[in-house]
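Subject: Structure handover

Hello,

Here is the structure I promised you. Please open it beside this email and follow along.

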Amino acid sequence: MKEDLLTIGDVQLKSRLIVGTGKYKDFDQTRRAIEMSGADMVTVAVRRVNIIDRDKENLLDYVDPQKYKILPNTAGCYTVDEAVRTARLARAAGITHLVKLEVIGDQKTLFPDTAGLIEAAKILVKEGFVVLPYTNDDPIVAKKLEDIGCACVMPLAAPIGSGLGIRNPYNIQIIRETVRIPVIVDAGVGTASDAAIAMEMGCDGVLMNTGIAGAQDPIAMAEAMKYAVWAGRLANRAGRIPKKLYANASSPVQGMIE
C-alpha cells in the first residue's frame, strides 16, 4: 500500500494506530510496547504520568519527543475548568499545542460529559489548540465538535478499559457519514480483531491503551495491533465482497465438461 498518511489538524502520521502510556509495569515496558506498535503518536495523561517536571522520573526520558508526537490528554478531569487548565499546563511546559480533550461525566462508566466537552472544546479551539475530543458515539455531538473546529472526533467503541470492542457499529457508521474530519475510534478495543473491524468500517484510526498494556504480553499485543490496523485499513480500501445468504461457486461453471 502506498504511503497513506493520517492528517489531524497540522499533524501528519504514517501510522493510524495511536497508543496510550498508562497501566504498564514501568516506563521501559511502555517504551518497548510503543516501539513494537509502530505508532507515531502517543497520548499521555498529564494528571497521572509525569511529562512536565524534569527533576523527577519523566516519561519523556523513555519516549523521545523528536521521534513521537506527544498527545497530552485531560484524563481524570470532571469539569470544564479542570480540563482547560490541564491542557494549558501541558502547552505552557512546551510539550505541544495538541490536546486529547476528555471531560468525564461519571466515575463508574467514565462516559464523557458531552455538554462540558463541547464547552471546553470551544475555549481551547479559540486559544489555538488542536483539539482531539474523546466523545460518545452520538453523531449530533460529533457534528457539533466538527463545527466548533476540532481536528477530529474520537467516539468510544465501548467504556474505557472494558475490552468489549465496538458495541454500536451503526452509530460509528453514521458519524463517519456525518463529519468530514477524521474519525478515530477510542476506548473499548480489546484485541486485534476489534481494531481491524474499526478500520474495515472506514474509520481513520484507532486509539488504545488498556488493550495493549493490560494484555498478558503487552509487547506482543502491541505488534498484533499494528498489523490489525494496517490490515483493516487495506481491506477497507480493497473493498470487501457483498454478503450473500446462499453459496456462490468460487470457480466458473461455464465450460465445465458434463
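First, a term you will need: buried means under 20% relative accessible area, exposed means over 50%, and partly exposed lies in between (1.4 Å probe, protein chains only). This is a predicted model, where local features need pLDDT of at least 70, side-chain atom pairs count only at pLDDT 80 or more, and totals for chains, interfaces and linings use all residues. Residues are numbered from 1 along each chain as its sequence is written, and side-chain values use heavy atoms, with hydrogens and water left out.

**Helix H6 and its surroundings**

Helices (H or I, at least four residues) and strands (E, at least two) are DSSP runs, numbered from the N terminus. Start with H6, residues 192-200. Its buried residues are Ala192, Asp194, Ala195, Ala196, Ala198 and Met199. What do the buried residues of H6 pack against? They pack against strand S9 (184-186), strand S10 (205-208) and H8. Contact here means heavy atoms within 4.5 Å. Just after H6 comes glycine 202, with a positive phi of about 105°.

Two packed helices are described by the angle between their axes and the distance between the axes. Axes are lines fitted to C-alpha atoms, for helices over the stretch in contact, and angles run from 0 to 180 degrees between N-to-C directions. Angles under 35 degrees count as roughly parallel, over 145 as roughly antiparallel, 65 to 115 as roughly perpendicular and the rest as oblique. A crossing is left-handed if the near helix is turned anticlockwise from the far one by less than a right angle, and right-handed if clockwise.

Take H6 and H8 (residues 218-238). Their axes come within 7 Å and cross at roughly 25°. The two helices are therefore roughly parallel to each other. Their crossing is right-handed. On the H6 side, the contact is made by Ala192, Ala195, Ala196, Met199 and Glu200. On the H8 side, it is made by Ala224, Met225, Ala228, Val229, Gly232, Arg233, Ala235 and Asn236. By class, this contact has nine nonpolar, two polar and two charged residues. Here Ala, Val, Leu, Ile, Met, Phe, Trp, Tyr, Cys and Pro count as nonpolar, Asp, Glu, Lys and Arg as charged, and the others, Gly among them, as polar.

Next come H3 (residues 114-126) and H4 (residues 139-148). Their axes come within 10 Å and cross at roughly 15°. That makes H3 roughly parallel to H4. This crossing is right-handed. H3 brings Thr114, Leu117, Ile118, Ala121, Lys122 and Val125 to the contact, and H4 brings Val141, Lys144, Leu145 and Ile148. Seven of these residues are nonpolar, one is polar and two are charged.

H4 also meets H5 (residues 169-178). The axes of H4 and H5 come within 9 Å and cross at roughly 30°. H4 is therefore roughly parallel to H5. The crossing is right-handed. Pro139, Ala142, Lys143 and Glu146 in H4 meet Asn171, Ile174, Ile175 and Thr178 in H5. The contact divides into four nonpolar, two polar and two charged residues.

**The cores**

A nonpolar core is a set of buried Ala, Val, Leu, Ile, Met, Phe, Trp, Tyr and Cys residues joined through side-chain atoms within 4.5 Å. Which members of the largest core touch the most other members? They are Leu101, Leu145, Ile212 and Met225, out of 67 residues. H8 gives the most to this core, with six residues. Another core lies apart from it, with 15 residues, among them Val11, Ile18, Val130 and Leu132.

Leaving aside neighbours within four places in sequence, isoleucine 212 is in contact with Val19, Tyr24, Ala33, Pro218, Met221, Ala222 and Met225.

**Single residues to look up**

Most residues other than glycine have a negative phi.

- Lysine 23 lies in the loop between strand S3 (17-20) and helix H1 (27-37). Its relative accessible area is 57%, so lysine 23 is exposed.
- Leucine 110 sits in the loop between S6 and H3. Its relative accessible area is 26%, so leucine 110 is partly exposed.

Best wishes
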